[in-house]
There are 2 protein chains.
Amino acid sequence: MRPKNLEKEQAIRTMALDIIANEGMENLTMQKLAKAANVSPRTIYIKYDDKEDLLIKLFIYEVLAPYEAAVLDGFTEDMDFSIGTKKLWMNTFTYLKNNRSHFALLQHSKTSPLLHKAYQQENIVQGQYFAPIHRFLTAKAKAGIIKDLPFDIQRALLMSPLIDLVSEYFDHTTRPVQIITEDVIMQCCEIVMSGLLTNK
Amino acid sequence: MRPKNLEKEQAIRTMALDIIANEGMENLTMQKLAKAANVSPRTIYIKYDDKEDLLIKLFIYEVLAPYEAAVLDGFTEDMDFSIGTKKLWMNTFTYLKNNRSHFALLQHSKTSPLLHKAYQQENIVQGQYFAPIHRFLTAKAKAGIIKDLPFDIQRALLMSPLIDLVSEYFDHTTRPVQIITEDVIMQCCEIVMSGLLTNK
DNA sequence: CAATTATAAGTAAATGTTTATTTATTTATA
DNA sequence: TATAAATAAATAAACATTTACTTATAATTG
């Protein structure tokens with residue numbers, strides 16, 4: 001029996017992410033993708049049930065899982081608040097900076113009903129990738145180090161400026177100077193943390 | 001000559017925003033929109049050149065302009081940092097909370113190449129709606145009240161958690177309790193501001 | 001001041017194109 | 001040589017946009 005060509009599988013995934021990043025999800029068509037990946041349209045259907053299946057698997061397995069793993073790499077719940085938070089920020093910045101198309105799909109997952117649904121289902125099935133962060137913040141709040149707020153609010157205060165700064169980073173790649181550097185990111189992390197601390 | 005039916009024009013715009021908010025931009029079709037607005041497809045083309053023109057005009061005139069006006073309502077550059085920032089937060093929260101479909105399109109404008117392009121062009125043409133906020137923050141930084149950082153970074157630190165909290169607000173409309181209240185928003189505003197202040 | 005007319009607004013149905021998906025066939029290798 | 005992988009080409013549905021026509025009313029006329 002003829003074996004799978006794994007390079008073709010990878011080409012389909014990579015080109016799908018590229019097209020979405022450069023032209024948006026509404027401009028990804030199966031025939032355009034097939035041409036870009038140098039593959040027959042039928043080949044995509046050997047690997048995925050349909051377009052929806054492709055998009056969901058692309059999002060979950062190609063983007064979300066490696067992203068969340070990268071964010072948590074070297075992070076442990078028992079870290080000091082400042083050390084742990086900086087670790088999360090640096091991990092996130094480094095991963096997204098080096099994976100523009102992944103960042104693009106993550107952003108799309110906030111507005112696409114399809115991906116949003118997939119995300120919520122995945123969260124339930126996998127029992128929260130981000131549970132360590134949840135426990136990390138809950139422990140710091142209990143210890144009186146940071147303000148005691150619902151997790152979703154803590155996460156918004158602590159992490160959403162970083163996502164915005166990554167957007168700025170990519171906007172600035174088309175301009176003469178890059179203002180979003182690692183130093184700036186660390187400085188912003190300090191600022192965001194200081195707002196959440198209890199001891200002023 | 002037969003006069004325009006302004007109700008039909010409004011129905012087209014309102015239903016377009018509704019479809020985008022509920023089904024995403026990739027699921028807005030001209031025939032679906034025509035049916036939803038109780039109008040012939042041709043009628044849409046009397047008012048807009050094509051789908052692209054519809055989306056751009058919808059975004060700029062129906063969403064972006066009223067949104068930016070609402071955010072700046074009652075705000076002046078010479079306000080105290082805390083008062084001014086709270087005003088911006090409250091204006092933004094109130095407007096978006098009451099205009100879910102506008103919020104949805106604003107979120108789409110971050111990922112849709114079409115809308116992103118429209119936004120950048122509009123910013124140039126209109127000479128920055130947000131210039132007052134720029135001058136407000138620059139003045140506070142110059143006066144040594146807040147940290148001296150590039151405007152885009154200040155804006156990310158100060159406003160992006162709010163947008164995330166609005167997302168949370170809408171997520172929570174489908175759950176038993178609403179944790180994102182005006183009080184919580186004001187508390188978060190204080191936290192975000194405190195991180196940016198120079199005098200600790 | 002009615003009746004008529006010119007004209008843009010509006011419609012139903014059609015058109016040609018693009019799209020997701022399938023059919024029929026070939027290819028590579030265990 | 002059996003079998004899944006892969007392809008080129010076809011198909012049917014969905015789509016943006018247009019054609020050919022009807023309608024409502026402001027302006028004009030008798």
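This is a predicted model: local features need pLDDT of at least 70, side-chain atom pairs count only at pLDDT 80 or more; totals for chains, interfaces and linings use all residues.

Visitor: Why is α1(A) called roughly perpendicular to α6(A)?

Guide: Take the angle. Helix α1 (residues 6-23) of chain A packs on α6(A) at about 65 degrees, and the axes are 8 Å apart. The class roughly perpendicular covers 65 to 115 degrees. Therefore α1(A) counts as roughly perpendicular to α6(A).

Visitor: Which residues make the contact?

Guide: From α1(A) come A:Leu17, A:Asp18, A:Ile20, A:Ala21 and A:Asn22. From α6(A) come A:Arg100, A:Ser101, A:His102, A:Ala104, A:Leu105 and A:His108. By class, the contact of α1(A) with α6(A) has 5 nonpolar, 4 polar and 2 charged residues.

Visitor: Now chain B. Why are α4(B) and α5(B) called oblique to each other?

Guide: Helix α4 (residues 51-72) of chain B and helix α5 (residues 81-97) of chain B cross at roughly 140 degrees. Their axes come within 7 Å. Roughly antiparallel needs an angle over 145, and roughly perpendicular ends at 115. Therefore α4(B) and α5(B) are oblique.

Visitor: What is the hand of the crossing of α4(B) and α5(B)?

Guide: Right-handed. On the α4(B) side, the contact residues are B:Val63, B:Pro66, B:Tyr67, B:Ala70, B:Val71 and B:Leu72. The α5(B) side supplies B:Leu88, B:Asn91, B:Thr92, B:Tyr95 and B:Leu96. The contact of α4(B) with α5(B) divides into 9 nonpolar and 2 polar residues, with no charged ones.

Visitor: How do you know that the two copies are related as by a two-fold rotation axis?

Guide: Superpose chain A on chain B. The rotation is 180 degrees, with 0.0 Å of shift along its axis and an RMSD of 0.1 Å. The two copies are thus related as by a two-fold rotation axis. The same surface serves both: 100% of the contact residues of chain A recur in chain B.

Visitor: Which residue of chain A comes closest to the rotation axis?

Guide: A:Gly195, with its C-alpha at 2.1 Å.

Visitor: Is A:Ser112 buried or exposed, and what makes it so?

Guide: Its relative accessibility is 2%. Buried means under 20%. So A:Ser112 counts as buried. A:Ser112 sits in the loop between α6 (100-111) and α7 (113-125) of chain A. Neighbours within four places in sequence aside, A:Ser112 is in contact with A:Met25 and B:Glu26.

Visitor: And where does A:Asn38 lie, and what is its phi?

Guide: A:Asn38 is in the loop between α2 (30-36) and α3 (41-47) of chain A. Its phi is near 60 degrees, a positive value in a residue other than glycine. Most residues other than glycine have a negative phi.

Visitor: Why is A:Asn38 called exposed?

Guide: Exposed means over 50%. A:Asn38 has 67% relative accessibility, so A:Asn38 counts as exposed.

Visitor: What about B:Asn38?

Guide: Phi of B:Asn38 is also positive, near 60 degrees. B:Asn38 lies in the loop between α2 (30-37) and α3 (41-47) of chain B. At 65% relative accessibility, B:Asn38 counts as exposed.

Note on methods: Residues are numbered from 1 along each chain as its sequence is written. Chains are lettered from A and ligands numbered from 1 in the order in which they are written. Side-chain values use heavy atoms; hydrogens and water are left out. Axes are lines fitted to C-alpha atoms, for helices over the stretch in contact, and angles run from 0 to 180 degrees between N-to-C directions. Helices (H or I, at least four residues) and strands (E, at least two) are DSSP runs, numbered from the N terminus. Angles under 35 degrees count as roughly parallel, over 145 as roughly antiparallel, 65 to 115 as roughly perpendicular and the rest as oblique. A crossing is left-handed if the near helix is turned anticlockwise from the far one by less than a right angle, and right-handed if clockwise. Contact means heavy atoms within 4.5 Å. Ala, Val, Leu, Ile, Met, Phe, Trp, Tyr, Cys and Pro count as nonpolar, Asp, Glu, Lys and Arg as charged, and the others, Gly among them, as polar. Copies are superposed by least squares on the C-alpha atoms of residues with pLDDT of at least 70 in both. Buried means under 20% relative accessible area, exposed over 50%, partly exposed in between (1.4 Å probe, protein chains only).
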